[in-house]
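Please keep the sequence and the structure in view while reading.

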Amino acid sequence: MPELATDKTCTGCMGCLNVCPKDAISTRTYPDGHLGISVDPDRCIECRMCEKVCPVVNGIPYGENNLKSRFLAGWAQDTEIRRRGATSGIAGAIAARVVADGGYAAGAVMEGLECRYTVTSDPAELPRLQGSKYTASMPGTVMRRIRQLLSEGNQVFFCGLPCHVAALLNYIPEKLHPLLLTADIICGGVSSPLLLKRYAEEHPEMTGVASFRNKDHGWHPKGYRYNLKYVDAEGTVHDTPSGTRNLITDGFACELTDRRSCYDCRFAFTHRRSDLTLGDLWGDTRFPAQHHDGVSAIIAHSPRGEEILRMAGIAVSEIPAADVLGHNTRLFYGKSVKRFLPERRLLPRLIRRLSYPALLRVYASDLRGAPWYWMPFALYRVVSFRIAEKIKQLKSRYIIRHLTQD
Ligand SMILES: Cc1cc2nc3c(=O)[nH]c(=O)nc-3n(C[C@H](O)[C@H](O)[C@H](O)COP(=O)(O)OP(=O)(O)OC[C@H]3O[C@@H](n4cnc5c(N)ncnc54)[C@H](O)[C@@H]3O)c2cc1C
Ligand code: SF4
Ligand code: SF4
Ligand code: SF4
């Protein structure tokens, strides 16, 4: 039997499932709601192709921490694409360019309450790809489709989670790489799909998510708030009232339901195998006039990455690496001690058993106005999160010092 990633390290990238010639690999759902795989021993012929693709066990590093890549600030110049973008529409502008040139764009879309990857060459489909979906995305068999398109001579742009890009690059044969353009994101981890499920149970009219985050009130580097909107069967969009917490976006921000692999992420590097890495330029002080519409941190790892930025009409300015490193540690440091907290360990049980108000308190830190007997928990929460933050700060400062001294 092949030796693949374990329940603790598996990223759910489905590289193994896509490559298996015998369809011996299927998906299964862990008790914490995240998707894993299982191998059917009766079908498996022990060819070990899955091991070569698995970005956790194949031994090919996804990147390294150095300053070889170029650090840029940027935004899409097309105002509609920029407005729809989670940050400033960089992924959206590249997808639009590639599709306009006759190629295909692949990315994550919401289908009801599930986040799945899709590939399209239809310009009308591209807005669905835009926007951050703060939940675990399911690759399904998208890699097989991309391989087929590439082998037919099409260019494909894939934007997704770093672990998924790693699997895709392992899966696609080297000779087809010149046609494949990849962007990954600065990834803070993906939360359990069970958060959406429990939220939807509490809001029975909900049939899907309209947006996890939008710029109705502008993109602000400081004091930023996620802004969840959901839709009902009639297509009516429901805005969550400002000043309230919700299990989906506040649950994501809490990081207590992340995939277990996200607490020890092996894909967080300043220099990566993807062409581009995209994120928010948090803490920016250089481009205040652009803050309302969003400013991206873009890390260009390859000449092809830089070229597509030019072709896609993206405004860029070179910035010092320190502008990104100091405010966005998930770019280069993927560990978190939150994995050891009892709330994370007990997630499979608590997510199903706790009432919705209790879930909000535990997994979205909504402790305002909680009854007095929640006070010890509130105190524990403040202390445990501060310790987690302090450890992250110390470790990331150490890495930044080494990076900037070299
Ligand atoms: C789960 C998650 C965690 C993130 N954590 C951070 C962080 O800690 N720091 C930071 O600076 N930025 C983070 N980002 C990235 C940021 O939110 C933006 O996605 C990024 O800046 C790209 O914005 P854009 O306007 O260029 O892209 P858009 O034009 O809005 O396009 C968004 C692209 O992201 C992809 N995408 C969206 N959601 C998912 C998903 N769930 N799985 C796979 N692909 C997806 C889509 O395929 C699309 O191509 C995170 C994003 C996600 C989805
Ligand atoms: S070893 Fe080969 S047949 Fe078996 S699961 Fe892996 S890819 Fe499939
Ligand atoms: S290839 Fe991806 S889904 Fe398969 S075992 Fe490895 S990490 Fe898990
Ligand atoms: S944090 Fe790492 S393992 Fe988790 S989804 Fe992001 S890239 Fe994948």
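## Terms and model

Two residues are taken to be in contact if their C-beta atoms, placed from the backbone, lie within 7 Å. The model described here is predicted.

At the strand 7 end, strand 6 and strand 7 pair in the parallel sense over two bridges, and Arg-116 stands opposite Met-138 in strand 7.

Towards the other end of the order lies strand 4 (residues 70-76), which is mostly covered, six of its seven residues being buried. Strand 4 runs antiparallel to strand 15 (residues 296-300), to which five bridges join it, and Leu-72 has Ile-298 of strand 15 as its bridge partner. Five bridges also join strand 4 to strand 16 (residues 314-318), again in the antiparallel sense, with Ala-73 standing opposite Ser-317 in strand 16.

Which residues of helix 6 are buried? They are Val-142, Met-143, Ile-146, Leu-149 and Leu-150. These residues cover an arc of only 120 degrees around the axis, which puts them on the same side of helix 6.

The packing partners of the buried residues of helix 6 include strands as well as helices: strand 5, strand 6, strand 8 and strand 9, together with helix 1 (15-19) and helix 7 (162-171). Just after helix 6 comes Gly-153, which takes a positive phi of about 95 degrees.

Within helix 10 (residues 303-311), the residues Gly-305, Ile-308 and Leu-309 are buried. Seen down the axis of helix 10, the buried residues fall within an arc of 105 degrees, so they line one face of the helix. The face turned away from this buried side carries Pro-303 and Arg-310, which are exposed.

The buried residues of helix 10 pack against strand 4, strand 9 (180-185), strand 14, strand 15 and strand 16, and also against helix 4. Helix 10 is followed by Gly-313, whose phi is positive, near 70 degrees.

Three strands form an open sheet in the order 10-11-12, with antiparallel pairing. Strand 10 (206-211) and strand 12 (237-239) stand at its edges, each with a single partner strand, so one side of each is left without a neighbour in the sheet. From one strand to the next, the twist averages 35 degrees. Strand 10 pairs with strand 11 (residues 229-232) in the antiparallel sense over four bridges, and Val-209 stands opposite Tyr-230 in strand 11.

Leu-113 is found in the loop between strand 5 and strand 6 (114-120). Is Leu-113 buried, exposed or partly exposed? Leu-113 counts as partly exposed because it has 17 C-beta neighbours inside 10 Å, whereas a buried residue would need 20 or more and an exposed one 12 or fewer. Leu-113 and Met-206 are 93 residues apart in sequence, with their C-alpha atoms 8.9 Å apart in space. Leaving aside neighbours within four places in sequence, Leu-113 is in contact with Leu-196, Lys-197, Ala-200 and Gly-208.

## Surroundings of the ligands

Ligand 1 is surrounded by 32 residues, of which Gly-85, Gly-92, Gly-107, Gly-188 and Gly-279 are the closest. At least two residues of this shell are supplied by each of helix 4 (90-100), strand 5 (104-111), strand 8 (156-160) and strand 14 (276-280). The shell around ligand 1 divides into 14 nonpolar, 15 polar and three charged residues.

Around ligand 3 there are 14 residues, and Leu-4, Cys-10, Cys-13, Cys-16 and Cys-54 come nearest. The shell around ligand 3 divides into 11 nonpolar and three polar residues, with no charged ones.

How values were computed:
Residues numbered from 1 in each chain as written. Chains lettered and ligands numbered in written order. Predicted model: local features only at pLDDT ≥ 70, side-chain atom pairs only at ≥ 80, totals over all residues. Near = placed C-beta within 6 Å. Nonpolar A, V, L, I, M, F, W, Y, C, P; charged D, E, K, R; others polar. Pairing = 2+ DSSP bridges. Axes fitted to C-alpha atoms, helices over the stretch in contact; angles between N-to-C directions. Arc of directions from axis to C-beta.
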